[in-house]
Amino acid sequence: MVTIVVAEKPSAARNMAGALGGTKGSYKGTAYEVASLRGHLYEFAQPHAMVDSSLADAYQKWDLGNLPWDREDLTWKREPQRNAAAVIKALRAALGHGDEIVIATDLDPSGEGDLLFWEAIDELGFHGKKFSRMEFTDESKASIRKAFEQRRPVRSMHDEGDYRKAMYRSQWDYLSMQFTRIATAMGRQSGQDLVLRQGRLKSAMVSLVGDQQKAYDAYVKKPYFQNRFRDENDVMYTNPDEPRCDQKGQAPQQYGPSAVVLDSTADKRTAPPKLLDLASLSSMLVGKGVKANLTLSTYQKMYEDQVVSYPRTEDKTITPEQFKDLAPLVDKITAVVGVDAGLLTRRQPRSTHVKPQGAHGANRPGPMVPSSLDEVERKYGKAGRLIYEMLAKNYLAMLAEDYLYEQQKGHVEKHPDFVGIANVPKSPGWRAVFDPDAGDDTAEGDENESSRGLGQNAEPFIFEGANKRSEHPTMRWLMKQLEKRDVGTGATRTSTYSEVTNDKAKYPLLTEKGRKLRLAQAGEMSWRLLPGTHIGDLGLTEKVYADMRDIAAGTATAEERLAVVADWVREDIATMAKNATIMRAELGLKEKVDAARAEGVWHVAPGGPRKVAFKATWSDHKFSDDEVAKLLAGETISFEVKSNADKPFTAIGALGVGDFKGRKFVGFQLEVPDRPTTWSGRSFTPAEVTVLLAGQSLEIDDFISARTGETFGCKVSWDAKAKKITPDFGSGDEPPRSWCRVTFTDAQRKDLAAGRTIQGTGFVSANGKTFAARIAWKEAGGKKKIVPSFG
């Protein structure tokens, strides 16, 4: 009997092995082996690969007529992640000789750990095994051992609430691809060939930044003037009921100097800031010139070397065990980042920062403490240095005392409605260790902070103020808004932000210059399409999370809650269509009318009958209803069209599958003739066809150039294998045998070849007019040709 412990990733597998006594062995009489995933080993296939072949074309095209999708069409087929083959092979081998399989993936609120475990079990076909669940608060040895000893029996995948809710969220996000197709179609109808990506988090980011940018740009300064007092310590005294005037001269000059009365004093404390998540850390580093994608990639490398903790944690606190593990390293860490260890006088766990819950714990320094910040920079670059310094100081701040200040309140003696407040620092506490606003010139400090406190006397003055301008959107501002609305985790916000601001992406949604954020072209269009839509509703994530709780509790099913998506897609198509009309007017865009399309069931389609849509025109011909019916029935049709040279010819063909730049499409396919019919604006006579089919050449002098419209002559033959006419223009150094429907004699060709000019008559132009001209065979435009002269 062998028990296979399946960890979420290699680092977790190492911790499991360290706690149990090795990668394989026996722990308290139970034979075990530690195996590992690598996050998600599988992902959902593309929509057209998830449906019956008869529906594949409709699910692959981004046409609004193919929306909404029918969930019952989707098989939820998965495909292996890129470069996951070796991990899958090793996992299959381990599971194959296990009698019990232990779920040892992360326990997190989203259920993601359960999802990535069960999708691997599902794809590898190991549902018949005995399963159990390890439930641990962190990856300390004690926690892992306890979880292994007390593992919970699991009956099946669908009995696990965490799996059900995570699968629901995964399917919801997959179905949300429809909203991207809607927005992109609206953009293309407006003449903009952009992919406008919509999703719960992307749309929230675009909506928030767009609204804030609009408020910032629309700001009009409106000054006001108001009577106030100021004492000798620069403390200001205000009366909220004092009138505000539009002009300085309108403020009544009715106040004189007065003494200040101290009303109260009280000691106040501010606790250290919470531990950083990846979004907060990244937004602070943006102000120091480190882009989000660089923070992500650098942090990952540092994590793999155990210099920092696990990056994609959802935890905002750490466990007592994690606190205990890092405690012996604190003084070493302080030396690295230049913090005075004497400031860290509160070495016991704070209840606000240390709680017996979670898995990986909040972002913090790792067990491998570098010798110096210079060592960190040599190995991980400037970004690594900044990451470690900020992360370490944030962690160490919770070991310092609270920031202590005395708050003094007072009023102007003669005019008691004018009140002033002064916050006088007494002990810096954690603020001497970590400054969360360092380098951020947009951060608002304590406007009441005063080193000297209230003064003795106050003087009246006319204060000039103005309506407050909305803050310019920044990453830090955006992350606070998303956190306030509980949209995404810190790591997910950071990775999505990195994606939508990537200036190397084809269609970035946001642009980032310094700290400031603005909508990119694709983001501008997305923002204008979102008002009133379901996908643009900032409360959408809250609803999805509520659904997840109900599904986990068994009071609802994913099928029930996903049923609304189709209606939302229909409604968002209508809403975005209205918004697109407004968008085009505001941006000066013109609506692009797509070519008419014909629809119906193609009865002889490859793989069996299926519904198709195809262009209702070919060249300058529009198919009649009868012709559409014949094409769908698999019949061949013929019709007259004009060539590039404006000459009529008969097009013969049927409905088929074509290829344009590697993309398959259904449409009218011109039939390749088995015999020569026309070439360069000229139809062959039956006698000429007989000669060509016999493999012989013909000299013909009335072909028409599609480029210039000139009549020319040349020798032609029929390539039976390629089924096409092959022209022979000679060596290019000899005069042609004919020109403008006149065949030259051998003597005339000899004169032309010698450079002599000859007189010719009976020439016929492209428009059918007969003319006479003197002609010569000479170089013109880089090559030899017949050059006429008149008069």
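Guide: We can go topic by topic, starting with strand pairing. Keep in mind that this is a predicted model.

Visitor: Fine. How many bridges join β9 to β14, and which way do the two run?
Guide: Nine bridges, antiparallel. β9 covers residues 223–231 and β14 covers 457–466. Phe 225 has Glu 464 in β14 as its bridge partner.

Visitor: And what about β11 and β14?
Guide: β11, residues 258–270, pairs with β14 over two bridges. That pairing is antiparallel. Ser 258 sits opposite Ala 458 of β14.

Visitor: Switching topic. How many cavities of 30 Å³ or more turn up?
Guide: Two, in a search of the whole structure.

Visitor: What's the lining like by class?
Guide: Three nonpolar, three polar and two charged residues.

Visitor: Now salt bridges. What's the count?
Guide: It comes to 42. One of them joins the side chains of Lys 202 and Glu 499, at 3.5 Å from N to O. Lys 202 is in helix α8 and Glu 499 in helix α15 (residues 490–500), so the pair ties together parts 297 residues apart in sequence.

Visitor: Is Lys 202 buried or exposed?
Guide: Buried, at 19% relative accessibility. The cut-off for buried is under 20%. Glu 499 is partly exposed, at 40%.

Visitor: What does Glu 483 pair with?
Guide: Lys 274, with the closest N and O atoms 2.3 Å apart. Glu 483 lies in helix α14 (residues 475–484), and Lys 274 in the loop between β11 and α9 (278–286), so parts 209 residues apart in sequence are tied together. Glu 483 is partly exposed at 23%. Lys 274 is partly exposed at 45%.

Visitor: And where does Arg 528 come in?
Guide: Its side chain meets that of Glu 586 in a salt bridge, 2.2 Å from N to O. Arg 528 is in helix α16 (residues 521–529) and Glu 586 in helix α19 (residues 564–587), 58 residues apart. Glu 586 counts as exposed, at 52% relative accessibility.

Visitor: Last one. Which residues are linked in a network of salt bridges?
Guide: Arg 78, Glu 119, Asp 122 and Glu 123 are linked that way.

Technical notes
Residues are numbered from 1 along each chain as its sequence is written. This is a predicted model: local features need pLDDT of at least 70, side-chain atom pairs count only at pLDDT 80 or more; totals for chains, interfaces and linings use all residues. Side-chain values use heavy atoms; hydrogens and water are left out. Two strands pair if DSSP finds at least two bridges between them. Helices (H or I, at least four residues) and strands (E, at least two) are DSSP runs, numbered from the N terminus. On a 1 Å grid over the protein atoms alone, a cavity is a set of points where a 1.4 Å probe fits but cannot get out, and a pocket is an open set with protein on both sides within 12 Å along at least five of seven lines; lining residues have an atom within 4 Å of a point. Grid points are joined across faces, edges and corners, and a volume is the space filled by probe spheres set on the points. Ala, Val, Leu, Ile, Met, Phe, Trp, Tyr, Cys and Pro count as nonpolar, Asp, Glu, Lys and Arg as charged, and the others, Gly among them, as polar. A salt bridge is a side-chain nitrogen of Lys or Arg within 4 Å of a carboxyl oxygen of Asp or Glu. Buried means under 20% relative accessible area, exposed over 50%, partly exposed in between (1.4 Å probe, protein chains only).
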